[in-house]
Amino acid sequence: MKILITGRIPESVLADLKSEHEVETNPYDRPMARADLLAAVKDKDGLLAMVTDRIDRELLDRGPKLRMIANCAVGYDNIDLAEATARKIPVSNTPGVLTDATADLTFGLILAVARRILQGDKRVRAGEFRHWAPLLFLGTEVHGKTLGIVGLGKIGQAVAKRARGFSMRVLYHNRRRREQSTEMDLGVDYRDLPTLLGESDFVSLHVPLSAETRHLIAAEELGLMKRSALLFNVSRGPVVDEKALVEALRSRTIAGAGLDVYEHEPALTPGLTDLDNVVLLPHVGSATIETRTAMARLAAENLLAGLKGEVPPNCLNCRELGRDRR
């Protein structure tokens, strides 16, 4: 069968796919241009897509032979799942394998913003480190503070576990409250969202993007936070109203933020890069050699299974298609 892979993946994974099917790849470290993507999908049976690809009705119309779509990401808001289901196309994602890498990066952002690490690095490189002084370049403690986690899925739980090492008090908000046993195991306490925002020193977002979570954090929510609080987003950009965040950071409604994702990615809201109280990363939550390799391998496994007519290990819509495991 014919497969399209829209981004570069490790050669070892690519070799496995080429051993079974005819493969066309995007050889560049950049997303495929929309026109190129639409042209390339026309004769393909399988699609291994990246989170930057918009898999919508237009694309599915251009790929009438598609019988399996494997997304190389845990999030799948880039895919019109309902439309794929209506066309009886299984869709999969890559959950689990990026949990620890993303949780690690979350704490990297927390430390970077709280302790002003990037600002310190910039000062040293500019030759402005001339002496030590007791009140110079002060940050804020992480140890012992209150961390509010919004979205206690796998990544949120992994962040909560890391917070233990900093002796943090951990609050959480989730669409559905977790079982008491989970709360006890993680040492977390449930709060409704407004209460969590008001009590937390650091707020970390780990929710999927949906109609309910779009602009979950906007001007009203930012106004509920402590003026000393820090906000972190490693989930999806549109979860935060970026224009409202820029204003909150500029006016010091909150003290700072750390972002790995953006509302109009890769474009940034005007004013964001002018601020010195925000750390900006280029969507690298899962960017480790180990994790990106594992993601590609899992996506390939999903793709190969779907093309064989089997149920992919991480199928998102197979139950609706009547193909779930019994």
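User: Which residue stands opposite leucine 4 in S3?

Analyst: In this predicted model, local features need pLDDT of at least 70 and side-chain atom pairs count only at pLDDT 80 or more, while totals for chains, interfaces and linings use all residues. Residues are numbered from 1 along each chain as its sequence is written, and side-chain values use heavy atoms, with hydrogens and water left out. Strands are DSSP runs of E of at least two residues and helices runs of H or I of at least four, numbered from the N terminus; two strands pair if DSSP finds at least two bridges between them. Here, leucine 47 of S3 stands opposite leucine 4. Strand S1 (residues 2–5) pairs with S3 in the parallel sense over three bridges.

User: How many bridges join S3 to strand S4?

Analyst: Four bridges join S3 to S4 (residues 68–71), and the two run parallel. Leucine 48 stands opposite alanine 70 in S4.

User: Are the faces of strand S3 covered or open?

Analyst: In a regular strand the side chains alternate between the two faces of the sheet. Both faces of S3 (residues 46–49) are covered: Gly46 and Leu48 on one side, and Leu47 and Ala49 on the other, are all buried (under 20% relative accessible area, 1.4 Å probe, protein chains only).

User: At what angle do helix H1 and helix H12 pack?

Analyst: Axes are lines fitted to C-alpha atoms over the stretch in contact, and angles run from 0 to 180 degrees between N-to-C directions. H1 (residues 11–18) and H12 (residues 289–307) pack at about 10°, with axes 9 Å apart. H1 is therefore roughly parallel to H12 (angles under 35 degrees).

Technical notes: Parallel < 35°, antiparallel > 145°, perpendicular 65-115°, else oblique. Buried < 20%, exposed > 50% of the residue type's maximum accessible area, 1.4 Å probe, protein only.
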